[in-house]
Amino acid sequence: MNVPSLYFHPDYLDAVRTGRKTTTVRFRDPVEVGPVSLVFEADEEVALPGVVTRLTETTVGRLSEADAVADGFRDLAELHDRLRYHYPDIEPTDHITVVHFRQVT
């Protein structure tokens, strides 16, 4: 069975490994509930077994402080900064998916 990959910036590896990051916000990036490979794209790619447990559809403007903390950030401002870094054209009215996931050991 071919497990789909959920790609992450390598900056997030430690936060995922320690369980500090349990969600990721995706914009125009379809994801499905079920088993995934959590892939961190660095010089040496790292892949961890994981599972997407839930998907929440919302807009950027409706993200909360709790969403930011679950995503491994200090606060909502930091989450918004990172979203603009990954998706330069993202707007508060854009629809996004909050992907809830966990590592599988």
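This is a predicted model: local features need pLDDT of at least 70, side-chain atom pairs count only at pLDDT 80 or more; totals for chains, interfaces and linings use all residues.

Biologist: How many strands does the open sheet have, and what is their order?

Modeller: As a general idea, strands of a sheet pair through backbone hydrogen bonds, in either the parallel or the antiparallel sense. Here, the open sheet has 5 strands in the order E1-E3-E4-E5-E2, and the pairing is mixed. E1 and E2 are the edge strands, each pairing on one side only. From one strand to the next, the twist averages 40 degrees.

Biologist: Which sense of pairing, parallel or antiparallel, do E2 and E5 have?

Modeller: E2 pairs with strand E5 (residues 95-103) in the antiparallel sense, over 4 bridges. Within that pairing, threonine 23 has histidine 100 in E5 as its bridge partner. Strand E4 (residues 46-59) is also antiparallel to E5, with 9 bridges; there, valine 51 has arginine 102 in E5 as its bridge partner. By contrast, E1 and E3 run parallel and are joined by 4 bridges.

Biologist: Let us turn to a single residue. Where is serine 37 placed, and is serine 37 buried or exposed?

Modeller: Serine 37 lies in strand E3, which covers residues 34-40. Its relative accessible area is 18%, and because the cut-off for a buried residue is under 20%, serine 37 counts as buried.

Biologist: Which residues is serine 37 in contact with, leaving aside its neighbours within four places in sequence?

Modeller: With those neighbours left aside, serine 37 is in contact with Val3, Pro4, Ser5, Leu6, Ala47 and Leu48. One of these contacts can be read from the sheet as well: serine 37 in E3 is the bridge partner of serine 5.

Biologist: What is the volume of the largest pocket, and which residues are the closest to its centre?

Modeller: The volume of the largest pocket is about 240 Å³. The lining has 17 residues, of which Tyr12, Thr24, Val25, Arg26 and His86 are the closest to the centre.

Biologist: How do the residues of the lining divide into nonpolar, polar and charged?

Modeller: The lining of the largest pocket has 8 nonpolar, 3 polar and 6 charged residues.

Terms used: Residues are numbered from 1 along each chain as its sequence is written. Side-chain values use heavy atoms; hydrogens and water are left out. Helices (H or I, at least four residues) and strands (E, at least two) are DSSP runs, numbered from the N terminus. Buried means under 20% relative accessible area, exposed over 50%, partly exposed in between (1.4 Å probe, protein chains only). Contact means heavy atoms within 4.5 Å. On a 1 Å grid over the protein atoms alone, a cavity is a set of points where a 1.4 Å probe fits but cannot get out, and a pocket is an open set with protein on both sides within 12 Å along at least five of seven lines; lining residues have an atom within 4 Å of a point. Grid points are joined across faces, edges and corners, and a volume is the space filled by probe spheres set on the points. Ala, Val, Leu, Ile, Met, Phe, Trp, Tyr, Cys and Pro count as nonpolar, Asp, Glu, Lys and Arg as charged, and the others, Gly among them, as polar. Two strands pair if DSSP finds at least two bridges between them. Axes are lines fitted to C-alpha atoms, for helices over the stretch in contact, and angles run from 0 to 180 degrees between N-to-C directions.
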